[in-house]
Structure formats: structure tokens, C-alpha cells
Amino acid sequence: MSAVIQRPVAGATPKPARDFTFIQPAGRRLTEYEALTVHQQPDANGYDMAGGGRFGPEAFLLRSDGSTLWKDDSTRLRHPDWYRYRDPAQHWQRTYIRHQEQQETAIERATEDAGLNGTLAALNADWVGKVLSKHWRAWSHFEYAIFRTLCPAQREALGDTLSTMLCFQSFDHLRHAQDIVVYLVELERYNKAVDDAAGRKAWMEDPCYQPSRRLAEHIINTADWGELMVGLNLVVGPLLQQIALSAIVRGNAGANGDDVASQIIVTTERDRRRNLAATEAFVRMVTEPSLAEAGANRAVIGEWIVEWTGYARDAAKALAPVFATVPNGRETFEAAYAKASADMAAVHAGLGFSDAGAA
Amino acid sequence: MDSNEFIRAHDRVKDFEWEFSYEPKRAHYPTNYKIPKKTSDPFRHLVRDYCKMERDKDDRQYGAMSDVMARAKMPAKASERWTEILKMALPVTTYAEYAAMKCTGQLVDSVDNAELRQGYLAQMMDEVRHTNQEAHLIRYLAKHARDPEGFDRGFKIRGQNMITRAARPALDAFFACDPIEGAINLQVVAETAYTNPIFVTLTEVAAANGDEATPTTFLSVQSDEARHMANGYATLAAIASVPDNLPRLQRDFDNAFWRQHSFLDSFIGSVYDYFQENRGGSYHEAWTEWVGNDWAGSYIERLKPFGVELPRGWEEAKARIPWGHHNIVMMLAATWPVQFMRIDPLTPRDFEWFEKKYPGWYALYGSFWEAYAKMGDPKDGQIPITLFPQVPPICRVCQMPCVFPRFDQSTVRIREADGRKHAFCSDGCEHLYALEPHRYAKAYTWFEQYEGYELSQFVRECGLIRADGKTLIGQPSLNWDKMWTVDDIARTKIEIENPLRKLPADGAPRLLAPRTLQ
């Protein structure tokens, strides 16, 4: 496959390489991310069988149902070498955890300061009760669904750089779900308007959230890891999370004096941008014009964008009444929806899918 | 947050699950086990605390390695005998971590219990951490060790190496089975029984041999393992609390133990006993303490009230412990041209240590090692595998040479089944095959894959040649003045043969011990 043993042949310099020689770097030099990530996942179809052997690809222990450990049809997309994928963020565990630790420390300090300087006590009861306790807390279930589904997705992904990126993405969403809960617990100390049970009740019963819950159930049920990357990061993020989180919560937090909620969502937006960039790189890789499978992959991705846009639009439109419950609301649903739709369309257009997600 | 708020937050993050209304819930990894929805939470970690904890540990580990250890050139001062085995051992441990990451991804889907799910996510991230840490250690050694060749390409070679490829059937079991069976393989057996011997005791050997990089990495890894053991115990206790699960649990536990023992005991024992220069304890002693007393005597004992007994192969495994790995290292040394490390001959001082720790060792293995020491000069063109009148076949299930419990007392049996001839090293492996023969349909042994290859051809095709384009990575000594080249190997005209072909079907052949050098 892509990995080439870059060993000098006879007559070349006798000086030994003092770095890994088994990875084909994407750029001129091997990065730390590549060195610690690429070719951790065995590739029975090529990389692990240099020299070929008499029988070629082998499987030491098949799954209980007789299938191989990794399956080409775990996604409808096809690529001759999944190991070529590189996460543009170049995160490996240390850089990723450092990034999240910095974000969490910033949130923790902001919460502590806002508690001690009276900001949390002064928050508007409607903001705390209707937006934070009900809407945002309901949304914690949606974030949890994404965490859940990306765990099996990383298991099935057909390369190590993909799996690792999906692990981090999964962690992003549980972090967000937990941050909502932790903030409300801390807010309870200062503000009596917190009603933690309101979120779950809304999630299960309020018509505003039922299309979102339907989508969350679909997300958990989706097995195709390529589809999840496309659906979650090219559609759900730019459209639905943009409205549910960025427009409703972060967009109105400032007007309601809630710097902490704003801070938390800013960190999730940063994660969302990272995951969007990772998915854009992925889509470009599988639709690269020189690839024989590019046309078929493009058709599949187009199909997914249309299907997921349908789900996401239903879920987003159902949130329209929530805008009316926000105190000091700065934006109408229509404006937020139009902006999110335009931004999503721009993302799709950038990847050559101009019409796929049109409503 | 005060402690009450922390408890409240923790209770609430368990409450993210809901009953599906719009689609029937799909199990991506169906399990045959019944899992109670409520369990005791093994650890109360929020993502925020987890990030802080891991960042602190990362800073300590990577800081130490990149700062004083590198400046003091410590890796280059470590025992060469010890450093060499890390070329083969570390790509194996790294894959164990990667396989564990896959296992925990499955568990998040399968175990319908929010508190365990979040514990598994932390473990999944830990396993990414450990994969990166151990890959970093290998790269660090490629940069700083006296002989980098082998460290630079271990991940590439491990799949084609006669010994390291045997890691796959054991470690693949973390995520190739029913997800709970995978958890039993990973958390209950591999992590709880074997991570202490690997990540704690082995670091003592490393440190005693001047290697501080491995302990710095491994002890940081091990600091996460206590949480994983707790995850495993919580999973096991939850499953064992449902009486309907017990027959399956015992069966899966039996199988998991045999799979992990088959590889891990030989692997760890070999690294432990044969590559110490400044000698301390033996693997037999470490095994008795950590696996015999702590795991079997305490951990598994606590499961007895649930009806869980010691695994089926326990007594057979126990009998293999004093001798099994000696035979594997003998095979490793006998086939040194296909290895990716230099194998230092044992000295009379080593012989004394082995005889003290394993009474009777010299009578069984002494003559081989004496012969091995005399065969290091390429001018003589002798490869120790020629000492063996009969090369042992490789087991279809565990992929290890069939040399257990001892070469001269091998429990190997040859069988014909499903249109192929198989060697099984033991009753345990034959039993695993009989339970699920379809799972080995694409399992080939190293001899089957490379039968007919001329040895120098294998060495060339598998990238076992150094940067000068002619000298082998593998060498039969640490002597820089007597390095073998691929031309030396070509002159031996040795061809890889599959020993299974010459063995009669449906029998239990007695393997012939190696001849001493005349």
C-alpha cells in the first residue's frame, strides 16, 4: 500500500536512519503525529504482508461470525489506501488532551469567577430556567448520542489515523454533554432558577425536541463510519448544532450576562471546526479526481448529505419556538436558520456538492 | 465544586440514556450476555478531571524523556543485551494497546449502562495514550539507542516475524469476539493478570539494566491500568450477578485465559529472563507473585461466590510456566537471521543464574547455548537452526512453535480437519479450535506462508537489512566485528521448510531435541 520501506539499497549511505522508516509522510518530513499514529492498525491486505507470503492476506482470528476483523464494507465509500488519511489538526493523544485540558481549565476558572463575583446569582431566571435548564440540558442528550455512536465507528474505521481522529471526536461530545451538567450543578449553588429535570422532560416530551431525538436515535443506529463523519460534521454541525447551540445559547448568552455558557460553547465550536476540517480532508481524499472510486464516492456522499440534511432541517425547524422563550433574544429563528443554511451550503459547495443539501 | 456537588454531577452524567421511541435500537455488537442496567461505578471521573490528570502525567513522562534523559544520553548507556529485545517487544505491547482501544469502542456500544460506558470512554482514550506513548518510546530509542536498526521499522516487521506475529491471535481476541468475551480477554485476564508483570516488574529489570526510558513510559501507562482493572471487575461483577450468564461466562473465561496465557507468558518470560544483564528475579518468581498469588489467589477467588472458578487450563498453564519460554527463546535464537534484534549469547554467569532459578535448566538448555555462542562467526557459516534434527511446527491457534511444556516433552498433536493439516501445541489450543474451527479458516502459520523461501530471500523481502544494504539487523551476538551479511546467509543455502509436511496426520509426535555442536 502507501507505506514504503524507505531503506537505502546496497551502495547507499551506511548511516542508519534515526527515525521511523516505514511511514510515507504526507509532507516533506515525518511529523510527530504521523510517527505515533500511522500503521498502528494492521493491514492484512498489504502493509503487514511485505514479501507476500504464499497465501497472501491472512487473519489469525476471524470474528465469531467468520468475518474479518476489519471489513471493506464497513463504509459505502471505497479507497485503495485508507492509511493515507491525515487529520489536519495533527492531533495525537498528548496534543489533544493538552488542548482539552486548557479548554476545561478556562471553563472551570470562568465558572468559579462568575460564581464569586455575583454573575451567576444575577442571571435572569428565564435564561436559567428556560434556556440553560430546559433547552441546553435537553441538548446534552444529543451530544451524548454522538459520543456513543463514534465509539463503534472508531472500532470499524479502516485505518489508524481515522480511528484515532474518531476517538477524539467522540470525546469532544461527551465533554460537552458533561460540561452542561457540571455547569448547571455549579449554577445551582448561586441561582435558584436551575431546574435540572426540565431538560430530560423536554427531551422526552416537548415537540420542539422530538425531531432532534429522532435524529439522535438515528445517529446511534448508524453503523457506516464514513456516513457518520459526513452526516455529523458536514450537516448536523453546521446546521443543527449551529442553531441549537451557537444561535440559541451562545448567541444570547452575552445579552443575558452569561459569560460561562458562552465560554463553554466557544470551546465546542472550536472542536466543531476541527472536526469539520477533518471531514473536509476526508471527503477530498475519497473524491480526489485521480481516484477510480471518486465518482461513486461522490454519489454516495451526495446521497448522505441530502438524507442527513432532511433530518437536520426537520430538527432545526422544530426548534423555532425555542427562540421565543429566550430572554433578550438577539436573533429570530428565520435569520439564524438562513445564516446556518447558507454557511452549510458554502461548506458543501467548497467540496463540490452545490446542490446536494438544498432544501 | 464541593464534594456534594461532585456527587450530584456524577449522578447526573449517568442519566443521559433514554428509551428509544423513533427507531428500534440497533446493537452493533450483539452480546449473548444479560447486563444489568445498574452497577457500582468503579471510578468517579468527569472528563474535566480526566484531562487534568492525564496532562499532568504526560508532562512528567515526556518532559523527563526529552530533557535530562536525552541530554545525559541515557538510552545509549543502557545494557545492549536488554535494549535489543525492546526492538521486538515494544511493537507487540503497542499493538496490545491499539487492540484494547478497539475493544473499548465495542463495549461502549454493547454495555447498556451509562456509568460503565463513560468509564470505557476514559479507557478508550487511555489506550490511544498508551499506543502513542509506546510508539514514542520506540521512536525515542531509534533516535538515542546505540543501535537504532530494528527500532526504525518494528511496526512494519512485526506482522511477518515468526514470534511477534503470535501476538495477533491473543490480542485480536480483545475485539474479534462477543464484546463481553473481548472484555474478559482484555480487562479480566490481560490487564488484571499480566499488566503488573509487564509494566511494573519488567520496569525493575529495565532500570537494573540502565534503561530509564522504558520505566518512565511503562509506569505512566500502568498508572491508568488500575482504572481498567476496576472497569473489568465492574463488568465482570455485573455479568456474574445474573445467574443465566454463568455457564457462558465460565466458558469464555476459560478460553480467554488460554488465549492470553499461550502468548503472554512465553512473551513476557522470554523478555524477562533472557535479556537481563544485571540479573535480579526470574519470571517464574514474578509470575508466582502477580499471576499465581494476586490474580488467581485473590482476584479470581473473590469471584467464587458468583460461581466463577479458576479457568479450565489453569493447571496446564501452571505446569508450562517454569519451562515454556526457555523453548521459545531457543527457537528465537536458533532462527536469528529472521529476527530484528541482535541476540547476545548467554555466559557461564547466566548459566549459573538459570540453574539457580530453574533447577535442571543447564541439562536441558545449556548445550544449546554453548553451541550458539560458538556459531557467531560468519566465516563459519553456521546457523543454529541446523542443530535441530526436527524443527517444531507452529500451532494453528496460538501461532507459537509447538514446544510446550518442554521441547522434549511436547504436547503437540497433529490433526486433519476442514481440509487442512494442523498442529496444535496443547489440549487448550486444540479445544479452542474444536469450539470454533471457522475462525481459523484464514490463519496460516509462518512456515506455511514462507515455505520455499530461501532464507536470504526472506531477509531481503521483509526488510531485515541494515542501512548499508548488506548487513542483517538480526545478529547472533553483540559483536560489531562479526556482523553477518545477506551474502553470508545466501551461502548457507537454507530454505524455509514447513515441518508439518513431514509429520504424520493424527498423531502426537515426539520432537527431537537439538544436537549439541560437534
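**Helix packing and aromatic pairs**

Student: Which residues in α13(B) do Asp265(B), Ser266(B), Gly269(B), Ser270(B), Asp273(B) and Tyr274(B) in α10(B) meet?
Tutor: This is a predicted model, where local features need pLDDT of at least 70, side-chain atom pairs count only at pLDDT 80 or more, and totals for chains, interfaces and linings use all residues. Residues are numbered from 1 along each chain as written, chains are lettered from A and ligands numbered from 1 in written order, and side-chain values use heavy atoms, without hydrogens and water. Contact means heavy atoms within 4.5 Å, and helices are DSSP runs (H or I, at least four residues) numbered from the N terminus. The α13(B) partners are His325(B), His326(B), Ile328(B) and Val329(B).

Student: At what angle do the axes of α10 and α13 of chain B cross?
Tutor: The axes, lines fitted to C-alpha atoms over the stretch in contact, with angles from 0 to 180 degrees between N-to-C directions, come within 8 Å. The helices are roughly perpendicular (65 to 115 degrees). The crossing is roughly 75°.

Student: How far apart are the ring centres of Phe20(A) and Phe22(A)?
Tutor: Rings of Phe, Tyr and Trp (its six-membered ring) pair if their centres lie within 6.5 Å; planes under 30 degrees apart are stacked, over 60 edge-to-face, the rest tilted. Here the planes sit at 40°, so the pair is tilted. The centres are 4.8 Å apart.

Student: Is Phe22(A) buried or exposed?
Tutor: Buried means under 20% relative accessible area, exposed over 50%, with a 1.4 Å probe and protein chains only. Phe22(A) has 0%, so Phe22(A) is buried.

Terms used. Helix = DSSP H or I, 4+ residues; strand = E, 2+ residues; numbered from the N terminus. Parallel < 35°, antiparallel > 145°, perpendicular 65-115°, else oblique.
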